[in-house]
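Please examine the structure shown below.

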Amino acid sequence: MDEIEVPQYFICPISFEIMKDPVTTITGITYDRHSIENWLFTNNNTTCPVTRHLLPIDSDLIPNHTLLRLIQFWCTQNASQGIDRIPTPKPPLNKFQVLKLLKHLMDPHLQLRKIRELELLAAENERNRKCLLQAGVPKAMVLFILTCFRKNQTDNGLEEALSILQFVNVPEEEIKMLVEENDQILDSLTWVLGCDEVGNSVTVKSHAVLVLKTLIQNAGNRVMERLKPELFESIVKVLRCGTTKQGMKAALHVLLSACPWGRNRIMMVESGAVFELVEIEMGTPEKRTTEIIMGILSQLCSCANGRAQFLSHKGAIAVLTERILKVLPAVDDRVIFILSLVSMFCGTWVVL
């Protein structure tokens with residue numbers, strides 16, 4: 001390749017490689033589709049890499065068919081030099097195709113196959129995920145999960161629907177709307193977390209708690225004030241029984257996000273959250289996880305039952321004092337605060 005002179009206009013200004021799917025932006029510069037989409041969608045840039053002019057994320061990328069044919073012809077002419085022919089790229093996903101897939105979700109015989117196709121599209125690239133979002137796929141997946149919940153059905157696309165909701169980056173306002181319009185969505189995710197009959201249980205529950213984290217972190221006060229004990233019981237069960245590392249962090253974030261409401265703190269303590277958090281901390285997790293755990297414990301120990309549960313774990317005080325000056329300054333502050341609460345209100349022989 002180094003011995004062959006490649007025409008300069010075949011080279012993508014971003015990747016400096018021969019373009020496989022040349023597209024022209026509104027600034028008049030041609031890039032390889034993968035490179036410019038990565039520049040816009042993944043790196044969240046809003047300017048043209050060459051001209052530095054404004055290039056909105058939703059601007060059209062027009063396929064440069066003439067240049068593609070020239071590149072393909074040049075590759076064919078130089079095949080004897082080891083140059084591979086550039087295949088004709090498949091057209092990008094469009095909203096009509098997605099709506100057609102969603103329509104087939106209503107057919108029980110096609111349901112699983114179509115939802116798996118949607119999952120593959122979501123996993124492929126950011127362009128597809130934006131197209132799925134515009135076609136209303138997140139709402140369709142929420143409705144699908146609700147249907148599974150009401151029918152107690154766990155074996156026909158539930159894992160894929162949860163996976164799609166993870167892939168698609170739904171705007172905050174749309175998340176709030178989804179939760180408010182579908183008040184049983186949190187109940188359905190609680191059901192998934194507590195369901196032992198679901199296939200590939202660890203993965204499905206990890207997906208469910210990650211979706212739950214997104215919903216809880218963006219939910220309004222009205223939703224947060226009406227969370228149910230079953231939700232916290234399911235989260236604590238996930239922490240107790242184990243899940244993926246990503247799932248565990250998501251479960252901790254759910255607890256942390258719900259802590260500001262006193263009613264939620266009481267339900268967490270009643271579900272055994274304090275004891276399980278100490279158990280996790282005894283396993284010496286990574287620093288960021290410790291920081292989240294201490295953030296939750298500092299709020300749960302502000303109530304008497306939380307402090308009592310904290311002291312019921314024989315290793316609680318020891319594991320907290322072990323963390324001082326060994327993790328992060330923020331952790332030191334929270335550990336000292338927790339110990340001060342325990343000492344002030346529970347100054348028994350166990351503490352002293």
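**Cores and helix packing**

Student: Which residues touch the most other members of the largest nonpolar core?

Tutor: This is a predicted model, in which local features need pLDDT of at least 70 and side-chain atom pairs count only at pLDDT 80 or more, while totals for chains, interfaces and linings use all residues. Residues are numbered from 1 along each chain as its sequence is written, and side-chain values use heavy atoms, without hydrogens and water. A nonpolar core is a set of buried (under 20% relative accessible area, 1.4 Å probe, protein chains only) Ala, Val, Leu, Ile, Met, Phe, Trp, Tyr and Cys residues joined through side-chain atoms within 4.5 Å. The largest has 89 residues, and those touching the most other members are Met141, Ile235 and Phe310.

Student: How many residues of helix α15 are buried?

Tutor: Helices are DSSP runs (H or I, at least four residues) numbered from the N terminus. Helix α15 covers residues 273–282. Its buried residues include Ala273, Glu276 and Ile280.

Student: How are α17 and α19 oriented to each other?

Tutor: Axes are lines fitted to C-alpha atoms over the stretch in contact (heavy atoms within 4.5 Å), and angles run from 0 to 180 degrees between N-to-C directions. The axes of α17 and α19 lie 11 Å apart, at an angle of about 100 degrees. Angles of 65 to 115 degrees count as roughly perpendicular. The two helices, α17 and α19, are therefore roughly perpendicular.

How values were computed. Buried means under 20% relative accessible area, exposed over 50%, partly exposed in between (1.4 Å probe, protein chains only). Angles under 35 degrees count as roughly parallel, over 145 as roughly antiparallel, 65 to 115 as roughly perpendicular and the rest as oblique.
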